[in-house]
Amino acid sequence: MSEVEAGNEEYKRLTREEAQKLREASPSMSPWWVVVGQMVVGVVVAFAAWILTDRSSAGWSAFYGALAVVIPGALFARGLKSRFSSANAATAAFGFFVWEAVKIASSVGMLFAAPRLVPDLDWLAMLIGLIVTLKVYWVALLMRPKQKTN
């Protein structure tokens, strides 16, 4: 059995230069770009709903559906970028789960509050705004920076 299989592999700390090369070879996308993209898509869907139905309530409903994705996503991004969530691997993992729970709870809360907050709520338009805005995650995944090979 080799040392790697036995788990006795020696841990080697990266130098500053090695860590920089690793970051350059595998760039990451900021979660804020995803939130901005979601907001842009949400506004476009809201205007499209307004124009296609000729009803402002459909536009506002679609916009609220987009906000039910954007606002919790912004909370999540802010939480992940906090000093506590990036202190070490354990707090980063814990922070991820906590902020994901906050994101889900705030989305559900916003959906429950929709009938009281949006006059003449159009549920279909709201769900379309929500679903289309959620799909921005997949677009961001496809558009992420490519890994450089040296």
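1. Ala68 is buried, with a relative accessible area of 1%, where buried means under 20% relative accessible area, exposed over 50% and partly exposed in between, computed with a 1.4 Å probe on protein chains only. This alanine lies in helix H4, and leaving out residues up to four places away in sequence, Ala68 touches Ser107, Met110, Leu111 and Leu130, a contact being heavy atoms within 4.5 Å. The C-alpha atoms of Ala68 and Leu111 are separated by 6.9 Å, although the two residues stand 43 apart along the chain.

2. The model is predicted, so that local features need pLDDT of at least 70 and side-chain atom pairs count only at pLDDT 80 or more, whereas totals for chains, interfaces and linings use all residues. Residues are numbered from 1 along each chain as its sequence is written, and side-chain values use heavy atoms, with hydrogens and water left out.

3. On the overall fold, the chain has seven helices and zero strands, and from the N terminus on its elements run α-α-α-α-α-α-α; helices (H or I, at least four residues) and strands (E, at least two) are DSSP runs numbered from the N terminus. Buried residues make up 30% of the 150 residues in the chain. Of the contacts between residues at least 6 apart in sequence, 72% join residues at least 24 apart.

4. Which residues make up the largest nonpolar core? It consists of 10 residues, namely Tyr64, Leu67, Ala68, Val69, Met110, Ala114, Val118, Leu121, Met126 and Leu130, a nonpolar core being a set of buried Ala, Val, Leu, Ile, Met, Phe, Trp, Tyr and Cys residues joined through side-chain atoms within 4.5 Å. H4, H5 and helix H6 (123-134) each supply at least two residues of this core, and H4 gives the most, with four. Apart from this core lies another, of six residues, among them Ala46, Ala49, Ala58 and Ala125. In soluble globular proteins, nonpolar side chains tend to be buried together.

5. Two residues deserve attention for their contacts around this region. Met126, a member of the largest core, touches Ser61, Ala62, Tyr64, Gly65, Leu111, Ala114 and Leu121, not counting residues up to four places away in sequence. Ser61 is found in helix H4 and, at 0% relative accessibility, counts as buried; leaving aside its neighbours within four places in sequence, Ser61 is in contact with Val118, Asp120, Leu121, Asp122, Ala125 and Met126.

6. A search of the whole structure finds four aromatic pairs, where rings of Phe, Tyr and Trp (its six-membered ring) pair if their centres lie within 6.5 Å, and planes under 30 degrees apart count as stacked, over 60 as edge-to-face and the rest as tilted. The rings of Trp60 and Phe63 have centres 6.2 Å apart and planes at 80°, so this pair is edge-to-face. Both residues lie in helix H4 (residues 56-80), three residues apart, about one turn of the helix. Ring pairs link Trp50, Trp60 and Phe63 into a cluster.

7. The rings of Phe76 and Phe96, with centres 5.6 Å apart and planes at 75°, also form a pair that is edge-to-face. This pair links distant parts of the chain, Phe76 being in helix H4 and Phe96 in helix H5 (residues 89-117), 20 residues apart. Phe76 counts as buried at 13% relative accessibility, whereas Phe96 is partly exposed, with a relative accessible area of 37%. Lys103 lies over the face of Phe76, at 4.8 Å from the ring centre; a charge sits over a ring if NZ of Lys or CZ of Arg is within 6 Å of the ring centre and within 35 degrees of the ring normal.

8. Asp54, in the loop between H3 and H4, has a positive phi of about 60° although it is not a glycine, and at 69% relative accessibility Asp54 counts as exposed. Asp120, found in the loop between H5 and H6, likewise has a positive phi, of about 50°, without being a glycine, and Asp120 counts as exposed at 65% relative accessibility.
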